[in-house]
Amino acid sequence: MNHGGIEFTVAKTAIPGIWQWQFRIGEQIKTGKTETKIDLLAIRRVQLRIDRELKAIGRDTA
């Protein structure tokens, strides 16, 4: 999937309701897990995380 030009993945784990995600910004790879039964909510949470990371990078370079 793609959000703001950033490729990311969200995948179910063996544990019901737990989703694993990953994305890369530059050389930095971010990974984590989120808990929800709704796949679209898991995706949205990753998109929000990407937004936060991009905003933080913007502050660091300004």
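**Figure 1. I57 is partly exposed, with a relative accessible area of 33%.** Here buried means under 20% relative accessible area, exposed means over 50%, and partly exposed covers the values in between, with a 1.4 Å probe and protein chains only. I57 belongs to helix α1. Helices (H or I, at least four residues) and strands (E, at least two) are DSSP runs, numbered from the N terminus. The C-alpha atom of I57 is separated by 9.5 Å from that of I25, and the two residues are 32 apart along the chain. The model is predicted, so local features need pLDDT of at least 70 and side-chain atom pairs count only at pLDDT 80 or more, whereas totals for chains, interfaces and linings use all residues. Residues are numbered from 1 along each chain as its sequence is written, and side-chain values use heavy atoms, with hydrogens and water left out.

**Figure 2. An open sheet is built from 4 strands in the order β1-β2-β3-β4, with antiparallel pairing.** The edge positions are taken by β1 and β4, each with a single partner strand, so one side of each has no neighbour in the sheet. Two strands pair if DSSP finds at least two bridges between them. Strands of a sheet pair through backbone hydrogen bonds, either parallel or antiparallel.

**Figure 3. Strands β1 and β2 form a hairpin with 2 residues between them.** Strand β1 covers residues 2-3 and strand β2 residues 6-12; the two pair in the antiparallel sense over 2 bridges. Opposite H3 stands I6 of β2. In the turn, G4 has a positive phi of about 60 degrees.

**Figure 4. Strands β2 and β3 form a hairpin with 5 residues between them.** Strand β3 spans residues 18-25 and is joined to β2 by 5 bridges, the two strands running antiparallel. F8 is placed opposite F23 of β3, and A11 is placed opposite Q20 of β3. In the turn, G17 has a positive phi of about 85 degrees.

**Figure 5. The structure holds 1 aromatic pair.** W21 and F23 have ring centres 5.5 Å apart and planes at 15 degrees, so the pair is stacked. Rings of Phe, Tyr and Trp (its six-membered ring) pair if their centres lie within 6.5 Å; planes under 30 degrees apart count as stacked, over 60 as edge-to-face and the rest as tilted. W21 is buried at a relative accessible area of 8%, and F23 is buried at 2%.

**Figure 6. G26 lies in the loop between β3 and β4.** G26 is exposed, with a relative accessible area of 54%. Its C-alpha atom is 9.4 Å from that of I6, and G26 and I6 are 20 residues apart along the chain.

**Figure 7. The side chains of K30 and E53 meet in a salt bridge, 3.5 Å from N to O.** K30 is in strand β4 (residues 28-35) and E53 in helix α1 (residues 39-61), so the pair ties together parts that are 23 residues apart in sequence. A salt bridge is a side-chain nitrogen of Lys or Arg within 4 Å of a carboxyl oxygen of Asp or Glu. Both K30 and E53 are buried.

**Figure 8. R49 forms a salt bridge with E53, the closest N and O atoms being 3.3 Å apart.** R49 and E53 both lie in helix α1, 4 residues apart, which is about one turn of the helix. R49 counts as partly exposed at 27% relative accessibility, and E53 counts as buried at 15%. Salt bridges that share partners join K30, R49 and E53 into one network. The search of the whole structure finds 2 salt bridges.

**Figure 9. T36 lies in the loop between β4 and α1.** T36 is buried, at 8% relative accessibility. Its side chain reaches the backbone nitrogen of I38 at 3.2 Å. A polar contact is a pair of N or O atoms within 3.5 Å; within protein, one must be able to donate a hydrogen and the other to accept it, and residues adjacent in sequence count only if both atoms are side-chain atoms.

**Figure 10. I38, L40 and L41 make a nonpolar surface patch of about 280 Å².** I38 lies in the loop between β4 and α1 and is partly exposed at 49% relative accessibility. Patches are made of residues with over 30% relative accessible area and no salt bridge; like charges are joined within 9 Å, and nonpolar side chains (Val, Leu, Ile, Met, Phe, Trp, Tyr) within 5 Å. Accessible areas come from the Shrake-Rupley method with a 1.4 Å probe, and for residues only the protein chains shown count as cover.
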